[in-house]
Amino acid sequence: MKNKSISFLKNQTNLIILIFLVIILTLAIPSFRQVSNFLNILKAISVISIVSCGMTLVVIGGGLDLSVGSTFSLAAVMSIVMLNRHNVVLAIIVPIIAAIIIGILNGIITSYFNLSSIIVTLGMLSVVSGFALFYVNGGTQVGNPNKIFEAIAKINLFKIPLYCYIFIIIAIVYEVLLKKTSFGRGLVLIGTNPEAAKIIGINITLIRTLSFVICSFSVSIAAVMLSSRLMTAAPTAGVGYEFDVITAIVIGGISLGGGKGNIYNTVIGAILLGVIINALTLTNVPFAFQAITKGLLIILAITLDVRARSSFEKQ
Amino acid sequence: MRSNKVLDFFNEQKILIVIILIVAVLTIKTTYFISFANIINILMLISIEGIIVIGMTYLIILKELDLSVGSTMALSGVLAIYLQKYGMFVGIISGLLLGMAVGFLNGFLVTKLKLTSIAVTLGTMVMLNGFVFALTNSATIKGTNKSFPLIANTTVLKIPIPIIVFIVFVIIFEIILKRTYFGKNVYAVGGNIIASKFFGIKVEMVRIAAFVLTGFMAGIAGVLLASKLNIASGRLGLNTPILVITAVLLGGVSLSGGEGSVSKAFQGMLLIGILNNAMVILQTNDFIQDMIRGSILILILIIDAVSINRAKYI
């Protein structure tokens, strides 16, 4: 009984840190405790969290997708271009289809030829970012005013923007996919022990490809959301995004080795990161020191993760 | 049997073959391509980041990656320029020391705390970027010392110094990798870490040394780049980790560790340089150049995978 509660607390380190941090910040910084600030944090983390949720699935399957940043750029510019040239429906559907194609390519090339996903998606990063730049000839796209498209970011339900709900729905759906379906169980097994998964008869190509497709799909949703919020899109919008996403995942305590982790931890990691960045901004800490803090956090998070794991293994 | 040998040769030397093909096609198109000036041009483009490729090759043979090389390069350059007020050599030496210190930190965290190198170096990358922005106030800083720019802009026998440093380092570190005790240990640890430990190789020492080497190379690259441009900024080095890793892998060094060489990685970097140059000469759209580079990387990987599979069935 006691062991159970201790292991529960151990698994919730991030949540506990988050709660303490929020309490301290609420007491210490007056501007932090305003409702509008909490909304700001939610808005800031929604976009990146959706991508992180998708990436979590890939990481659990033992892979890594470095092409999320360029896919994000491509989907964002496509969305605005489609909006200007055609209509709202295409502005939402075309980026999603493009992203799904990228996901299928990533998944099939890595799993069918049994290649390292880091290198394949690195190649895909160049291809897609080149294509995104070529598609709009390097220029930032400004969207024509369109009430329906802007509504994705502007409509509020209970004072919370619509796209924050999209984030919450996606997180829940992915968690269910991971925990309750044969896809999720297969993915965990592939991440833990691919040889065993093959022997049992799991279709590795299909499941891995599916995880890449879900990841790219999430990227396109996030990109459409951001395009709707800003109504402009640069073909370089997603440069370096892959590193931000991996940061959120690592802080969430997901092992990059595969086979472990869940969406809930990723979301807590992303919120934790969002709250810390928000607090640093509110206290006027320069951008440079925010980056230093972020770097320290990544190293601290993985160090703590390994400490926890090795003490667990000793028992 | 004989056809297999021919196949093996082609498989082993495919990068060289691709390079020769590109050169042949372009020479037919324009004689400028193989002129001395253009060869120097190509080498100059790849030499500074090519120095980092050497260190990264050691790491990839050891099954590690270093994502922090770009920001290490940027910070070394910033230090080299920022500390010029205390004398040129103070700046240069602190740039180099910084590279080694970052490498040691990475190596220490990865080996002693048993952390994943991708995650650790991602952390140091973000952190160092922060230091760069803190020192430069997110702006570009200019050098004030008159002799500092001469380091990278002087030519010996018409060859600029960065190229000489690059080529000499490729040769030295290829020899170290192939002919010394340390180099053999690098292959052993990359191939099978547990067996290496069993044979009494100081595994941790070898891995830390490779990280320090990579950091040192990034430091040299940073100082040379700062000297070449006489400026330093946080924007320099953003694409470096991806470029460097692509070059090593393009050269046919496998991410599964235990194999590869500096000369192979050099071929990979050379291919990138020649491709870039060829596409500029052919006036290919900048953005299509990115796509071609990425496609070639994926294509070579697939060819590699298919030929390995065939080898298995034979």
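This is a predicted model: local features need pLDDT of at least 70, side-chain atom pairs count only at pLDDT 80 or more; totals for chains, interfaces and linings use all residues.
Which residues in α8(A) meet Ser218(A), Ile221(A) and Met225(A) in α11(A)? They are Tyr163(A), Ile166(A) and Ile170(A).

**Chain A at a glance**
- Chain A is built with 14 helices and four strands.
- A compact globule of 315 residues would have a radius of gyration near 20 Å, and chain A agrees with that, at 20 Å.
- The C-alpha trace of chain A spans about 60 × 55 × 35 Å along its principal axes.
- Of the 315 residues in chain A, 49% are buried.
- If you take the contacts in chain A between residues at least 6 apart in sequence, 79% of them join residues at least 24 apart.

**Chain B at a glance**
- Chain B has 14 helices and four strands.
- For 314 residues, a compact globule would have a radius of gyration near 20 Å; the value for chain B is 20 Å, in agreement.
- Along the principal axes, the C-alpha trace of chain B covers about 65 × 55 × 35 Å.
- Buried residues account for 47% of the 314 residues of chain B.
- Among the contacts in chain B between residues at least 6 apart in sequence, 77% link residues at least 24 apart.

- Two packed helices are described by the angle between their axes and the distance between the axes.
- Helix α8 (residues 162–180) of chain A and helix α11 (residues 204–230) of chain A have axes that come within 11 Å and cross at roughly 170°.
- Angles over 145 degrees count as roughly antiparallel, so α8(A) is roughly antiparallel to α11(A).
- Back to the residues from the opening: the contact of α8(A) with α11(A) has five nonpolar residues, one polar and no charged.
- Helix α4 (residues 68–85) of chain A packs with α12(A) at an angle of about 120°, and their axes are 6 Å apart.
- α4(A) and α12(A) are therefore oblique to each other.
- On the α4(A) side, Val68(A), Gly69(A) and Phe72(A) make the contact, while α12(A) brings Tyr241(A), Glu242(A) and Val245(A).
- The contact of α4(A) with α12(A) divides by class into four nonpolar, one polar and one charged residues.

**The nonpolar core**
- In soluble globular proteins, nonpolar side chains tend to be buried together.
- The largest nonpolar core here has 186 residues.
- Which of its residues touch the most other members? They are Ala75(A), Ala222(A), Ile298(A), Ile52(B), Ala221(B) and Val248(B).
- Beyond its neighbours within four places in sequence, Val248(B) is in contact with Val53(B), Met56(B), Thr57(B), Ile60(B), Val253(B), Ala265(B) and Gly268(B).

**Where chain A meets chain B**
- The contact between the chains brings 40 residues of chain A together with 38 residues of chain B.
- On the side of chain A that touches chain B, α6 (117–135), α12 (241–251) and α14 (287–314) of chain A each supply at least two residues.
- With 14 residues, α6(A) gives the most to that side.
- By class, the side of chain A that touches chain B has 28 nonpolar, eleven polar and one charged residues.

Methods
Residues are numbered from 1 along each chain as its sequence is written. Chains are lettered from A and ligands numbered from 1 in the order in which they are written. Two residues are in contact if their C-beta atoms, placed from the backbone, lie within 7 Å. Ala, Val, Leu, Ile, Met, Phe, Trp, Tyr, Cys and Pro count as nonpolar, Asp, Glu, Lys and Arg as charged, and the others, Gly among them, as polar. A nonpolar core is a set of buried Ala, Val, Leu, Ile, Met, Phe, Trp, Tyr and Cys residues joined through C-beta atoms within 7 Å. A residue is buried if 20 or more other C-beta atoms lie within 10 Å of its own, exposed if 12 or fewer, and partly exposed in between; C-beta atoms are placed from the backbone. Axes are lines fitted to C-alpha atoms, for helices over the stretch in contact, and angles run from 0 to 180 degrees between N-to-C directions. Angles under 35 degrees count as roughly parallel, over 145 as roughly antiparallel, 65 to 115 as roughly perpendicular and the rest as oblique. The radius of gyration is taken over C-alpha atoms; the globule rule is 2.2 Å times the number of residues to the power 0.38.
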